[in-house]
Amino acid sequence: MKKVILSPDVPAPIGPYSQGLLVGDTLYMSGQIALDVSTNKIHKVSIKEETKIVMENLKAVLKEAGLTFDNVVKTTIFLSDMNTFVQVNEVYSSYFTSEFPARATIQATRLPKDANVEISMEAKKF
């Protein structure tokens with residue numbers, strides 16, 4: 001059984017996809033970029049602020065599914081510039097308390113809406 005997860009605290013998808021899809025006890029979350037929920041426009045002040053907005057969007061999707069960052073088992077981070085890795089990692093790591101999830105980090109030539117960072121996650125109910 002699958003259930004679409006749609007949080008009102010996260011900008012609506014900008015394409016034909018769901019914010020999250022709960023299949024059994026696993027939540028698959030689409031990549032989030034730093035879209036402002038009220039304007040649906042990209043928010044690019046600094047890479048740290050952009051990453052914080054991305055993580056807050058992901059947090060809202062997790063919450064809508066009844067989960068937290070403690071349930072996250074895998075993340076994928078896409079960066080427009082690998083030179084921002086340290087700053088992104090600093091913000092990203094502050095959302096986890098221990099037992100960090102598995103992760104891949106990839107430099108992408110271009111991200112949606114010319115974002116500098118996009119993060120997707122998979123989480124599991126324990």
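**Exercise 1.** Which residues form one aromatic cluster?

*Solution.* The model is predicted, so local features require pLDDT of at least 70 and side-chain atom pairs pLDDT 80 or more, while totals for chains, interfaces and linings use all residues. Residues are numbered from 1 along each chain as its sequence is written, and side-chain values use heavy atoms, without hydrogens and water.

Step 1. Rings of Phe, Tyr and Trp (its six-membered ring) pair if their centres lie within 6.5 Å; planes under 30 degrees apart count as stacked, over 60 as edge-to-face and the rest as tilted.

Step 2. One aromatic cluster is made up of F69, Y92, Y95, F96 and F100.

**Exercise 2.** Why is the pair of F69 and F96 classed as edge-to-face?

*Solution.* Step 1. The ring centres of F69 and F96 are 5.3 Å apart and the planes stand at 70°, so the pair is edge-to-face.

Step 1. This pair joins distant parts of the chain, 27 residues apart: F69 belongs to the loop between α1 (47–64) and β4 (72–79), and F96 to the loop between α2 (85–93) and β5 (102–107). Helices (H or I, at least four residues) and strands (E, at least two) are DSSP runs, numbered from the N terminus.

**Exercise 3.** Is F96 buried or exposed?

*Solution.* Step 1. Buried means under 20% relative accessible area, exposed over 50%, and partly exposed in between (1.4 Å probe, protein chains only).

Step 1. F96 has 7% relative accessibility and therefore counts as buried.

Step 2. Beyond neighbours within four places in sequence, F96 is in contact (heavy atoms within 4.5 Å) with M55, F69, V72, P101 and M121.

**Exercise 4.** At what angle do the axes of α1 and α2 cross?

*Solution.* Step 1. Two packed helices are described by the angle between their axes and the distance between the axes.

Step 1. The axes of α1 and α2 cross at roughly 35° and come within 9 Å. Axes are lines fitted to C-alpha atoms, for helices over the stretch in contact, with angles from 0 to 180 degrees between N-to-C directions.

Step 2. Residues I47, K48, T51, K52 and M55 of α1 meet Q87, V88, E90, V91 and Y92 of α2 in this contact.
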